Amino acid sequence: MTALTSEWPEHFPACCPPDVAPDVSGEVFRLVMADPPSETDTKSYLELGKGGKGRECLRAGLSCAKTREHLEELRALPTLKGCKIAAATLTPDHGKMMQTGAAGHHTLWLRASVLPEARAMFRVVA
Amino acid sequence: MKQGWPVNEELFTGDTLSTLEIDTVLVEYDGPKVALWKGANDVLALGVVADEDETSVRWLLASTERVELDGMLLGALSVRDALTKHDALVCDVERDGKPTAAWRADWSRIPEDFLPSRGALLPSAVRQQFLTSPAADRGHSMRIASVASPASHKLEFTEYANVLTAHQSLWTAGAQALSDKDGRHRGSVKKYIKQRSVMYASAEHAGSFEVEIFPADKDTFAQVGDLVQRITRASDDAEALVNLLRPLQRRFAMAYAKYLDVIDKRGLNVLTRWDGSATFMGTGTARRVRLAVLEAQSMGDDGEEFTLVGQFVSFNKNDRKFKFYDSEAEEEVDGVVEPDLELDDVKVGATTYKIEVTAFPDLQGAEEALILTALVEHDPQAPLKLTPSP
């Protein structure tokens with residue numbers, strides 16, 4: 001096993017991401033405030049110190065969607081109205097992603113080796 | 001928090017805050033964004049995140065009934081309409097989920113930026129998940145809830161009868177309007193249309209005030225339902241509403257306005273379901289939608305003319321008001337004689353007439369105003385028939 005595929009960021013809690021989380025593959029969509037996306041746009045709640053206590057593994061990941069349409073619908077909500085939709089084409093080398101919580105919501109966990117480049121992975125599409 | 005919040009409203013205090021907690025997250029992105037909250041006595045509230053900062057999240061909350069939640073999950077009720085029907089409860093919640101402060105606010109004073117977009121439904125992924133659940137499989141049905149007594153599911157006999165009658169009239173008018181796309185037919189509903197749009201009920205689903213409907217024609221039922229759904233969704237957009245109503249007969253707009261009037265005055269929430277689709281109308285939005293429909297119908301409108309055949313049930317020479325029995329539709333209609341029309345001897349009950357009337361919307365009463373513009377004796381040998389057959 002190479003360092004690329006075995007290393008997760010230090011701030012991830014133990015056993016995170018979950019073993020059942022599949023490798024990410026394909027296009028991934030995320031809401032961002034800036035075009036191009038800023039550093040904050042691709043930092044997790046855990047890194048930003050947000051989200052309160054508990055659910056640390058989820059807060060270590062990034063909220064994402066598998067379809068652009070889902071995020072377009074979310075932009076009807078008050079705190080998400082001004083957001084732009086950014087897309088990234090990812091492979092298993094980038095990390096893992098799985099559906100978590102409410103329908104349509106996914107959490108993306110990026111590997112330590114690619115985390116510094118997270119901002120550059122995403123480009124605004126809408 | 002952002003600027004613009006109407007913060008000088010009544011502060012809500014008490015033990016209620018400590019009992020508030022999220023029961024179900026419906027939509028999330030970087031934390032919950034739309035959720036069902038549970039308070040004292042298991043009262044449900046719909047909550048939407050309206051604002052947030054580093055330390056807390058500001059929620060808008062409104063009490064919600066199960067029928068409204070199902071309406072949202074079936075795509076028949078927008079998040080905004082479900083939220084804004086009563087006074088708002090604005091609640092600040094710390095990042096660890098603990099409510100810290102709350103106050104009541106008037107929706108009309110909350111800036112648009114802090115509210116869900118008009119007409120926006122729950123995301124399709126959320127609704128699709130519901131459609132695949134057993135709770136979504138209810139066939140053709142109609143659930144009626146009284147705002148005054150949601151927990152007991154009790155309805156007055158009169159409420160029950162009025163909403164079912166208005167519902168049938170709406171579906172019949174819709175079927176007639178959809179079958180007459182060029183708008184040439186005037187007057188009574190055709191009998192074959194009536195027969196296809198009839199709805200039957202033989203049972204209620206146990207434990208609820210939900211009527212199982214057996215439509216005479218399922219396709220007609222679904223087509224009218226889709227039409228009602230489109231008009232309800234367009235009610236926030238005057239131009240879209242006018243365009244939708246223009247090709248339809250006035251009878252449909254009047255029947256819909258009457259249906260909304262019944263729901264509004266009786267304080268009801270009504271969810272009609274079929275094949276995974278639904279229409280919802282609640283007392284909180286019925287008044288707004290009804291006025292939008294009536295105003296759209298009256299825009300640039302000189303009234304709809306049509307012909308009726310039947311007998312006068314009553315005729316008052318002083319105020320020139322009349323009641324006329326439409327022998328084709330087998331129903332009585334009320335009207336008034338046009339000021340310029342001179343009438344000599346109108347025979348009540350003994351003579352069949354063919355009358356020309358013009359219908360105008362009545363924004364105040366939600367009833368059509370029929371104006372009699374011409375009449376002629378149609379067949380003096382026609383049998384006397386003052387009341388409809390049983």
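Predicted model: local features only at pLDDT ≥ 70, side-chain atom pairs only at ≥ 80, totals over all residues.
Biologist: What makes B:Arg127 and A:Glu73 a salt bridge?

Modeller: The closest N and O atoms of B:Arg127 and A:Glu73 are 3.9 Å apart. The cut-off is 4 Å between a side-chain nitrogen of Lys or Arg and a carboxyl oxygen of Asp or Glu. The value of 3.9 Å is within 4 Å, so the pair counts.

Biologist: How many salt bridges does the rule find across the interface of chain A and chain B?

Modeller: It finds 2. Across that interface there are also 10 residue pairs in polar contact, with both residues at pLDDT 80 or more.

Biologist: Which elements of chain A supply the side that touches chain B?

Modeller: Strand 1 (26-32), strand 2 (62-64) and helix 4 (68-74) each supply at least two residues. Helix 4 gives the most, with 4 residues. By class, that side of chain A has 11 nonpolar, 9 polar and 6 charged residues.

Biologist: How much area do chain A and chain B bury between them?

Modeller: About 2300 Å², with 57% of it on carbon and sulfur atoms. A:Tyr45, A:Pro78 and A:Thr79 supply 23% of what chain A buries against chain B, more than any other three residues. The contact takes 26 residues from chain A and 29 residues from chain B.

Biologist: Why is A:Thr100 called buried?

Modeller: Its relative accessible area is 11%. Buried means under 20%, so A:Thr100 qualifies. A:Thr100 lies in the loop between strand 4 (95-99) and strand 5 (106-110) of chain A.

Biologist: What makes the pair A:Thr100 and A:Thr107 a polar contact?

Modeller: The two side chains come to 2.7 Å. The limit is 3.5 Å between N or O atoms, so 2.7 Å falls inside it.

Biologist: Which residues does A:Thr100 touch, not counting residues up to four places away in sequence?

Modeller: A:Leu58, A:His105, A:His106, A:Thr107, A:Trp109 and, from chain B, B:Glu28.

Biologist: Is B:Ala88 buried or exposed?

Modeller: Buried, because its relative accessible area is 0% and the cut-off is under 20%. B:Ala88 lies in strand 5 (residues 88-94) of chain B. Leaving aside neighbours within four places in sequence, B:Ala88 is in contact with B:Leu61, B:Trp103, B:Arg104, B:Ala105, B:Trp107 and B:Ile110.

Biologist: How far apart are the C-alpha atoms of B:Ala88 and B:Val34?

Modeller: They are separated by 15 Å. Along the chain the two residues are 54 residues apart.

Biologist: Which residues have the most contacts inside the largest nonpolar core?

Modeller: They are A:Leu71, B:Val27, B:Val34, B:Leu46, B:Leu60, B:Ile110 and B:Leu122. That core has 49 residues. A second, separate core of 44 residues includes B:Ala173, B:Ile231, B:Leu241 and B:Ala286.

Biologist: What does B:Leu122 touch, not counting residues up to four places away in sequence?

Modeller: B:Val27, B:Val34, B:Met72, B:Leu73, B:Val79 and B:Arg127. B:Arg127 also forms the salt bridge with A:Glu73.

Biologist: What share of chain B counts as buried?

Modeller: 50% of its 390 residues. Chain B has 10 helices and 16 strands. Of its contacts with a separation of 6 or more, 61% come from residues 24 or more positions apart.

Biologist: Why is B:Asp30 called partly exposed?

Modeller: Its relative accessible area is 22%. Buried needs under 20% and exposed needs over 50%, so 22% sits in between. B:Asp30 is in the loop between strand 1 (21-28) and strand 2 (32-38) of chain B. Its phi is positive, about 50°, although it is not a glycine.

Biologist: Where in chain A are A:Pro17 and A:Pro36?

Modeller: A:Pro17 is in the loop between helix 1 (3-6) and strand 1. A cis peptide bond joins A:Cys16 to A:Pro17, with omega about 0°. A:Pro36 is in the loop between strand 1 and helix 2 (45-48). A cis peptide bond joins A:Asp35 to A:Pro36, with omega about 0°.

Definitions and conventions. Residues numbered from 1 in each chain as written. Chains lettered and ligands numbered in written order. Heavy atoms only, no water. Contact = heavy atoms within 4.5 Å. Buried area = accessible area lost by both parts, 1.4 Å probe. Polar contact = N/O pair within 3.5 Å; in protein donor to acceptor, adjacent residues only side chain to side chain. Nonpolar A, V, L, I, M, F, W, Y, C, P; charged D, E, K, R; others polar. Core = buried A, V, L, I, M, F, W, Y, C linked by side-chain atoms within 4.5 Å. Buried < 20%, exposed > 50% of the residue type's maximum accessible area, 1.4 Å probe, protein only.
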